[in-house]
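Q: Hi, I'm new to this one. Can you walk me through it?

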Amino acid sequence: NHGVHLARALEGVSLVQATADVAEHLSVEPRTTLLKIDRLLFALNGLPIEWRVGLCHLGNNEFYQCEMG
């Protein structure tokens, strides 16, 4: 615990195509459609404390779920 308390988060989701480098890391073909998750977390004082961008390959039967709190 570092004494930082989370107040809120903003999260955006979009579809992007995998670059050759990303495709290699995720073991998918280049230009595969990926889910891009862009999240910004804020402390109680309103200052941003974390920015995270994730790329996910969902496949055919998967879904994305996020729970905060």
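**A quick tour**

Q: First up, how many aromatic pairs are there here?
A: The count comes to zero aromatic pairs. Keep in mind that this is a predicted model.

Q: OK. And where does the charged end of R8 sit?
A: Over the ring of F42. The distance to the ring centre is 4.1 Å.

Q: Let's do the sheet. How many strands form it, and in what order?
A: Three strands, in the order β1-β2-β3. The sheet is open, and the pairing is antiparallel.

Q: Which strands stand at the edges?
A: β1, residues 6-17, and β3, residues 48-56. Each has a single partner strand, so one side of each has no neighbour in the sheet.

Q: How much are neighbouring strands turned against each other?
A: By 15° on average, with direction ignored.

Q: How many bridges join β1 to β2?
A: Eleven. β2 covers residues 33-43, and the two strands run antiparallel. As an example, V13 stands opposite I37 in β2.

Q: And how many bridges are there for β2 and β3?
A: Eight, again in the antiparallel sense. Here L41 stands opposite E50 in β3.

Q: What sits between β2 and β3 in the hairpin?
A: Four residues lie between the strands. In this hairpin, G46 takes a positive phi near 90°.

Q: Which way do side chains point along a strand, in general?
A: In a regular strand they alternate between the two faces of the sheet.

Q: Let's zoom in on D38. Where is it found?
A: D38 is in strand β2.

Q: Why does D38 count as partly exposed?
A: Because its relative accessibility is 27%, and partly exposed covers the range between under 20% for buried and over 50% for exposed.

Q: What does D38 touch?
A: Leaving out residues up to four places away in sequence, D38 touches L10, E11, G12, W51, R52 and V53. The side chains of D38 and W51 are joined by a polar contact of 2.7 Å.

Q: How far apart are D38 and V4?
A: In sequence, 34 residues. In space, 21 Å from C-alpha to C-alpha.

Q: What about R39, is it buried or exposed?
A: R39 is buried, with a relative accessible area of 13%. Its place is in strand β2.

Q: Which side chain does R39 make a polar contact with?
A: The side chain of E11, at 2.6 Å.

Q: Switching to the loop between α1 and β2. Where is α1, and is T32 in that loop or in a strand?
A: α1 is residues 20-26, and T32 lies in the loop between α1 and β2.

Q: Is T32 buried or exposed?
A: T32 counts as buried, at 18% relative accessibility. It touches V16, Q17, A18 and H57, not counting residues up to four places away in sequence.

Technical notes: Residues numbered from 1 in each chain as written. Predicted model: local features only at pLDDT ≥ 70, side-chain atom pairs only at ≥ 80, totals over all residues. Heavy atoms only, no water. Pairing = 2+ DSSP bridges. Axes fitted to C-alpha atoms, helices over the stretch in contact; angles between N-to-C directions. Phe/Tyr/Trp six-rings, centres within 6.5 Å; stacked < 30°, edge-to-face > 60°. Lys NZ or Arg CZ within 6 Å of the ring centre and 35° of its normal. Buried < 20%, exposed > 50% of the residue type's maximum accessible area, 1.4 Å probe, protein only. Contact = heavy atoms within 4.5 Å. Polar contact = N/O pair within 3.5 Å; in protein donor to acceptor, adjacent residues only side chain to side chain.
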